[in-house]
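Subject: Structure for you to look at

Hello,

Here is the structure I said I would pass on. Please open it alongside this note; my findings follow below.

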Amino acid sequence: QVHLVESGGGLVQAGGSLRLSCSASRSIFGINRMAMGWYRQAPGKQRELVARILSGGTINYADSVKGRFTISSDNAKNTMYLQMNSLKPEDTAVYYCNVYILLTAIDYWGQGTQVTVSS
């Protein structure tokens, strides 16, 4: 079992920045055949992918955040990050940390952290 805990959310004005962190209860980031990433869900909308890192090192971003958000991880600290710059009101959502293990087909989710961007 893996527990993921997000932090770093909050209220920020448009154009501002936030850095989200996702801490894992055990060493899991960077293992083979896995994907780790950030998703978000705005009120009344489906959860959507924001950014993810695949075990081969490939990084994917949603078109809406390209050039503004950066995903990274510090595997020694069992922590994944999402640096969010030039935030827009439409970035307002609950942000979730996710790890998917291909071998077991198990998804792990954090509890979410609220990001609110005011105009």
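Start at Arg40: its bridge partner in β9 is Tyr95. Before going further, please keep in mind that this is a predicted model.

β4 and strand β9 (residues 93–101) run antiparallel and are joined by eight bridges. β4 also pairs with strand β5 (residues 48–54), again in the antiparallel sense, through six bridges. Here Met36 has Ile53 of β5 as its bridge partner. β4 and β5 form a hairpin with six residues between the strands. Look for Gly44 there: its phi is positive, near 75 degrees.

How many of the eight residues of β4 are buried? Seven are, so the strand is mostly covered.

**The β7–β8 hairpin**

Next, go to strand β7 (residues 69–74) and strand β8 (residues 79–84). They pair antiparallel over six bridges. Thr70 sits opposite Gln83 of β8. Four residues lie between the two strands of this hairpin. In the turn, Asn78 has a positive phi of about 55 degrees.

**Asn32**

Where is Asn32? It lies in the loop between β3 (18–24) and β4 (34–41). Is Asn32 buried or exposed? Its relative accessible area is 65%, and exposed means over 50%, so Asn32 counts as exposed. From Asn32 to Thr70 is 38 residues in sequence. In space, the two are 21 Å apart, C-alpha to C-alpha.

**The whole chain**

Which elements make up the protein chain? There are 11 strands and zero helices.

Now the overall dimensions. The C-alpha trace spans about 45 × 25 × 25 Å along its principal axes. The radius of gyration is 14 Å. A compact globule of 119 residues would come out near 14 Å, so the chain agrees with that expectation.

On burial, 41% of the 119 residues are buried. The chain exposes about 6300 Å², and carbon and sulfur atoms supply 48% of that area.

Contacts across the sequence are worth a look too. Take the contacts with a separation of 6 or more: 55% of them come from residues 24 or more positions apart.

Last, the charges. The protein chain has 11 positive and 7 negative charges. Their mean positions are 3 Å apart.

Best wishes

Key
Residues are numbered from 1 along each chain as its sequence is written. This is a predicted model: local features need pLDDT of at least 70, side-chain atom pairs count only at pLDDT 80 or more; totals for chains, interfaces and linings use all residues. Side-chain values use heavy atoms; hydrogens and water are left out. Two strands pair if DSSP finds at least two bridges between them. The radius of gyration is taken over C-alpha atoms; the globule rule is 2.2 Å times the number of residues to the power 0.38. Buried means under 20% relative accessible area, exposed over 50%, partly exposed in between (1.4 Å probe, protein chains only). Contact means heavy atoms within 4.5 Å. Accessible areas come from the Shrake-Rupley method with a 1.4 Å probe; for residues, only the protein chains shown count as cover. Lys and Arg count as positive and Asp and Glu as negative; His and the chain ends are not counted. The place of a charge is taken as NZ of Lys, CZ of Arg, CG of Asp or CD of Glu.
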